[in-house]
Amino acid sequence: MKKSILTVAALLLAAGMAFAQEGNKSLADPNSQDLGTGSAASALREVSIEKFERDGAWNVHISPDAGVISARLFEGGPAAKEALEEDKDKDNDTHVLGVKVEFFRRGVNSIYITAVRPLPIEGVTKTISMWVAGRNQNHDLWVLVQDYFGHNYELYMGNLGFSGWKQMTLAVPPSEDGEHGIVQSSPYYGDRPGLRIVGFRIDCNPMLARGTYFVYFDDLRAVTDLYEMQNRDEDDMPDNW
C-alpha cells in the first residue's frame, strides 16, 4: 500500500513539473512548428513556395497619381537563410525580387506585388514566411491569399521598419467551423485542401511615402499540414472529378 502511494505521488510530481514547464513558455514568442499540433492527426512540413528566380512571374502596381513603380531580379540574397533539406544539393536560389517606387508626393498609397498566377500551397497552411529587406521604412506588409472557396483575405505580416534582411512570419488563422473565416479544406467539396497566395500589399506611411523607396523579397515558404495527403491509401479513389 505504501509503495502504491509513493508511485502515485511520483506521477503527480512529474505531471506538476511538466505543467510548470509548459506554463513558462511565452505566448509572445510562439514557435511556428507548434502551430496546429494540438491534433494527433498532423504531419507538419516546411515547403518552398517561391524563390523569386523567374523573370516576368510578378506584376507590380501603384496608383498612377502616386508615383512610378518597377521591379526586376537581382543576384544575391540573405546570408542567414538556410536551405531546406531537399534544396541543399541544388544551386537554384541565386536571385531576389527588387521593387522600386518613385513617389510624386507624400500621401496615402499602397504598393501591390502580385503573382502572374496564384501560388498554391498543398495541405492546410499553418504559417507563411518570407525574407524581406524593408530599408527601415515604417510601411506595413500584407499577404493576399485566397482560401478553398476562392474568397480573398489579407493577412498582416508586419512592419518594414528594420535594416537589412529579416525573415518575417505570420500564422494563418484557422476556421473554427469550416464555414467561416479562412477555410482550407471541406469534406463536401473534394479532397484537395489548400491555400493560394495571390501576392503582397505594402501600405505606405503617408509621412514617409516620398522620394524613392526600395524593397526586396526572397524565399517565400509555408509550414503546412500534409497529414490527409500523406496518409491516403494508394488504392483510394481521388474525389477530383
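Is Phe74 buried, partly exposed or exposed, and at what relative accessibility? Phe74 counts as partly exposed, at 29% relative accessibility (buried is under 20% relative accessible area, exposed over 50%, partly exposed in between; 1.4 Å probe, protein chains only).

Here is how to read the views. This is a predicted model, in which local features need pLDDT of at least 70 and side-chain atom pairs count only at pLDDT 80 or more, while totals for chains, interfaces and linings use all residues. Residues are numbered from 1 along each chain as its sequence is written, and side-chain values use heavy atoms, leaving out hydrogens and water.

**View 1. Phe74 and Tyr216 form an edge-to-face aromatic pair.** Their rings are 5.9 Å apart centre to centre, with 75 degrees between the planes (rings of Phe, Tyr and Trp, the last by its six-membered ring, pair if their centres lie within 6.5 Å; planes under 30 degrees apart are stacked, over 60 edge-to-face, the rest tilted). Because Phe74 lies in strand E3 (residues 67–75) and Tyr216 in strand E11 (residues 212–225), the pair ties together parts that are 142 residues apart in sequence (strands are DSSP runs of at least two E residues, numbered from the N terminus). Tyr216 is buried, at 15%.

**View 2. Tyr148 and Phe149 pair edge-to-face.** The centres are 5.5 Å apart and the planes 85 degrees. Phe149 is partly exposed, at 31% relative accessibility.

**View 3. Ser186 touches Tyr148 and Phe149, not counting residues up to four places away in sequence.** Contact here means heavy atoms within 4.5 Å. Ser186, in the loop between strands E9 (165–171) and E10 (194–203), is buried at 8%.

Conventions. Helices (H or I, at least four residues) and strands (E, at least two) are DSSP runs, numbered from the N terminus.
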